[in-house]
Amino acid sequence: MEQIQHKYVQVSGLKLHVAELGTGPKAVLFLHGFPEIWYSWRHQMVAAAAAGYRAIAFDFRGYGLSQQPPEPEKASFDDLVVDVIGVMDSLGISKAFLVGKDFGAGPVFHVAVVHPERVIGVITLGIPFMLPGFSVIPMHLLPKGFYILRWQEPGRAEADFGRFDVKTVIRNIYMLFCRSELQVASDDQEIMDLADPSAPLPPWFTEEDLKVYSSLYENSGFRTALQVPYRTMGVNCVFTDPKITAPGMLIMGEKDYVLKFPGMEEYIRSEKVKEFMPNLEIIFHEGGNHFVQEQFPEEVNQLLITFLNKHST
């Protein structure tokens with residue numbers, strides 16, 4: 001980890017924090033989800049660099065060490081696309097592999113649809129092809145106490161999180177998102193109440209990892225993170241027939257709670273998702289949960305490097 005270089009680039013007047021390792025001729029850009037951050041790709045960055053690739057992970061605007069946008073409540077998924085292209089331009093990268101996890105898959109898909117000339121291949125973990133406002137999943141069927149719906153309410157998550165320090169909030173979310181069932185609160189509960197404070201951390205997520213995550217979110221807070229993705233999910237992207245023709249790979253943990261979204265498992269297993277990504281390879285990891293790349297780094301790294309090498313020729 002010590003070899004990872006850190007720098008800042010300017011994108012749309014904001015300073016974005018970039019972590020980089022390796023000097024290969026082909027770049028791999030890793031995009032984080034929530035409550036993750038650039039650090040969630042630490043294992044994949046080392047593996048990609050060792051395999052001869054230029055591995056780059058950055059904090060989206062308002063996350064971690066990246067600068068807050070001037071009006072976080074007006075931030076949108078479009079800003080994330082600007083961040084991706086801006087980071088690539090700042091680093092002199094004309095074309096890259098894009099790897100996205102959780103909501104980080106959104107800008108991966110968006111860039112691949114709008115700027116296909118910038119994309120060599122697409123890998124996502126935990127999220128199949130979906131675009132904001134172009135949802136193939138009937139989100140309205142989710143239970144009303146589901147965490148996404150709760151966090152979409154202005155002020156509700158802020159009040160919930162505000163009862164605890166940042167380290168406890170990150171720990172609780174990580175523990176909740178490790179589960180295979182949906183995180184649903186009853187009417188007299190908040191989402192943080194669902195976490196068991198006595199439960200031990202999983203063996204693949206150490207106290208040191210928690211310390212790193214906490215320090216990054218202590219720096220940024222949750223203001224932008226609650227806006228993007230949660231409060232911009234209903235914003236429509238104007239695509240009449242979105243398609244990604246670049247080679248793609250989807251890695252899903254069999255124990256990822258996302259599979260419990262209404263229609264999600266059928267959408268993937270029936271391969272309906274291939275209507276949007278005809279050159280998609282789908283991999284299910286039997287023991288994987290929502291954090292499969294941290295939980296089983298060696299196995300995910302092998303899938304990643306095999307895909308990169310296959311499509312680098």
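1. Helix α1 spans residues 42-50, and its buried residues are Arg42, Gln44, Met45, Ala47 and Ala48. Helices are DSSP runs of H or I with at least four residues, strands are runs of E with at least two, and both are numbered from the N terminus. Buried denotes under 20% relative accessible area, exposed over 50%, and partly exposed in between (1.4 Å probe, protein chains only).

2. The cover over the buried residues of α1 includes the strands β2 (14-21), β3 (27-31) and β4 (54-58), together with α7 (207-220), α10 (292-295) and α11 (297-310). Contact here means heavy atoms within 4.5 Å. After α1 comes Gly52, with a positive phi near 100°.

3. The model is predicted: local features need pLDDT of at least 70, side-chain atom pairs count only at pLDDT 80 or more, and totals for chains, interfaces and linings use all residues. Residues are numbered from 1 along each chain as its sequence is written, and side-chain values use heavy atoms, with hydrogens and water left out.

4. The protein chain holds 11 helices and 8 strands. Its radius of gyration is 18 Å, close to the 20 Å that the globule rule gives for 313 residues, so the chain is as compact as a globular protein of that length. The radius is taken over C-alpha atoms, and the rule is 2.2 Å times the number of residues to the power 0.38.

5. Of the 313 residues in the protein chain, 59% are buried. Among contacts with a separation of 6 or more, 77% join residues 24 or more positions apart.
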